[in-house]
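Thanks for coming. I have one structure to go through today, and I will keep to side-chain pairings.

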Amino acid sequence: MATQVDLVSDLIKPTPRQRVFMHEVARKRYVLFGGAMGGGKSRSLRWTLVWLLTRWAAKGHKNVRVGLFCEDYPSLKERQLSKVEIEFPEWLGKMRTADHEYKLAPQFGGGVIAFRNLDDATKYQSAEFAAIAVDELTKNDLNTFNFLRMRLRWPEIEDTRFMGGTNPGGRGHGWVKGFWIDRSFPPEMEHLKDDFVFVPSKAKDNPHLADTYLDVLRSLPEHLRKAYLEGSWDIFEGQCFTEWDSTRHIEDLEKVPPSWTRFRSMDWGFSKPYAIYWYAVDEDGVVHVYRELYGCREGMPDVGTQETAAEVALKVKRLEQGEPISYGVADPSIWSRTGTGLSIAEEFTKQGVHWMPADNNRLAGKEQVHKRLRDGSLKINRSCRGLIRTLPTLTYDPFKVEDVNTREEDHPFDSLKYGLMTRPWTPGVVKERPVRDRWNRDSEGGGAESWMAC
């Protein structure tokens with residue numbers, strides 16, 4: 001059987017970078033390949049699955065099933081099924097067109113590659129695969145990834161594998177970048193971090209690409225060129241905050257000087273996550289986001305912790321104990337009452353945590369973020385993981401083209417813009433709004449209505 005493995009290896013003819021990818025797949029459980037366009041990602045996924053099946057067959061594992069997934073059927077047909085018809089020779093196996101499954105010939109172990117789409121990953125709840133490959137992984141959310149990796153099981157095979165090929169961008173950009181590029185994992189996945197490997201690939205690594213295609217990539221606008229030619233994970237098509245630069249905007253702030261003005265902001269959520277941030281403004285008007293309290297379920301970015309306002313208020317009090325917090329702003333909706341009980345704002349006030357209604361003009365708030373990122377007058381402490389993870393990955397709304405896509409994880413952004421709207425940007429100097437008097441009046445019982453009337 002070893003000769004059959006060698007025969008398939010000779011057939012694949014991997015490029016040097018594709019060979020590195022296959023080498024890592026042999027070593028590690030979760031391997032991502034890509035970064036830029038034209039690196040041969042899609043081809044690598046289908047042929048590496050063939051290679052794995054023959055390796056397992058050589059160890060006596062016959063008729064093993066693996067899965068190759070795309071985000072929808074048109075993409076599956078274009079990027080994979082149409083290529084199989086051209087690349088896979090007749091002697092290797094046969095495609096069963098009725099169920100989109102390719103079965104290797106008996107002399108290669110009879111393994112099966114199931115080609116599937118991810119319009120609804122729960123369709124595969126009872127499926128089992130020894131290996132899963134996802135083409136354009138960033139087009140899928142974290143829940144899809146977690147669901148698929150639960151399908152990684154096969155009798156007597158311990159070295160199951162998950163592979164992804166992708167470019168930067170898409171709704172899954174944040175979590176993919178977090179795991180494979182930034183090496184940032186939730187506590188329950190820390191023990192798996194050494195199993196995650198990223199193999200970068202650029203167009204220039206693919207000797208089969210025509211020079212004319214490389215010329216096209218070089219002629220793209222700067223943000224697209226950096227993403228698709230250079231493989232930058234900080235810039236991608238559709239990105240809202242293209243000014244983001246982790247080297248400029250992330251800092252390690254261990255202690256806030258006592259002379260800096262401090263305040264906080266909140267975007268409330270119960271079933272959805274809440275996001276609370278603490279800010280300090282230095283002598284030059286630079287706003288430093290120095291603390292984060294993000295009520296998000298681990299591994300479920302759009303699911304809240306369902307903590308009550310009173311519970312969250314106690315957390316806020318503990319975190320800022322002894323700090324001179326000048327004021328706090330929150331989404332005006334927390335003053336609404338849906339029944340006969342207290343409003344969310346009143347629940348916080350009852351625990352001694354006071355808020356004022358924020359200016360929730362979405363486009364004006366977004367512009368404040370743009371301006372401060374542009375001139376570097378916004379710094380985010382490295383401990384604010386939720387904000388750092390989500391802000392650079394937000395994309396534009398396809399229907400409200402000037403606004404952020406609210407179907408993405410935008411809770412940290414909403415809280416941030418509430419905070420920045422209280423410190424309007426001006427070139428070189430940040431003007432301070434006269435909020436302190438309004439804060440005192442609200443704290444002394446003036447209530448939300450008296451603040452809004454000012």
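I will take salt bridges, then aromatic rings, then one arginine.

This is a predicted model, so to speak of provenance first: local features need pLDDT of at least 70, side-chain atom pairs count only at pLDDT 80 or more, and totals for chains, interfaces and linings use all residues. Residues are numbered from 1 along each chain as its sequence is written, and side-chain values use heavy atoms, with hydrogens and water left out.

Salt bridges, then. The rule is a side-chain nitrogen of Lys or Arg within 4 Å of a carboxyl oxygen of Asp or Glu. The count by that rule is 24. One of them pairs Arg 79 with Asp 135, with 3.4 Å between the closest N and O atoms. Arg 79 sits in helix 4, residues 73–87, and Asp 135 in strand 6, residues 131–135, so the pair links distant parts of the chain, 56 residues apart. Helices here are DSSP runs of H or I with at least four residues, strands are runs of E with at least two, and both are numbered from the N terminus. Arg 79 and Asp 135 are both buried; buried means under 20% relative accessible area, exposed means over 50%, and partly exposed lies in between, with a 1.4 Å probe and protein chains only.

Next, Arg 153 and Glu 128 form a salt bridge at 3.2 Å, N to O. Arg 153 is in the loop between helix 5 (142–149) and strand 7 (161–166), and Glu 128 is in the loop between strand 5 (112–117) and strand 6, so this bridge ties together parts 25 residues apart in sequence. Arg 153 is partly exposed, at 34%, and Glu 128 is partly exposed, at 31%.

Lys 193 and Glu 190 also meet in a salt bridge, at 3.5 Å, N to O. Lys 193 has 34% relative accessibility and counts as partly exposed; Glu 190, at 35%, counts as partly exposed. Elsewhere, salt bridges with shared partners join Arg 65, Arg 96, Asp 99, Glu 101 and Arg 116 into one network.

Now the rings. Rings of Phe, Tyr and Trp (the six-membered ring for Trp) pair if their centres lie within 6.5 Å; planes under 30 degrees apart are stacked, over 60 edge-to-face, and the rest tilted. The whole structure has 27 aromatic pairs. Tyr 30 and Phe 162 have ring centres 6.2 Å apart and planes at 45 degrees, so that pair is tilted. Tyr 30 is in strand 1 (residues 30–35) and Phe 162 in strand 7, so the pair ties together parts 132 residues apart in sequence. Both Tyr 30 and Phe 162 are buried.

Phe 145 and Trp 180 are an edge-to-face pair, 5.9 Å centre to centre with 70 degrees between the planes. Phe 145 is buried at 1%, and Trp 180 is buried at 3%. Ring pairs link a cluster that includes Tyr 30, Phe 145, Phe 162 and Trp 180.

Last, which strand holds Arg 291? Arg 291 lies in strand 12, residues 287–294, and is buried at 16% relative accessibility. Its side chain has a polar contact of 2.4 Å with that of Glu 323, meaning a pair of N or O atoms within 3.5 Å; within protein, one must be able to donate a hydrogen and the other to accept it, and residues adjacent in sequence count only if both atoms are side-chain atoms. The Arg 291 side chain also reaches the backbone oxygen of Leu 319 at 3.2 Å. The charged end of Arg 291 sits over the ring of Trp 278, 5.0 Å from its centre; the criterion is NZ of Lys or CZ of Arg within 6 Å of the ring centre and within 35 degrees of the ring normal.
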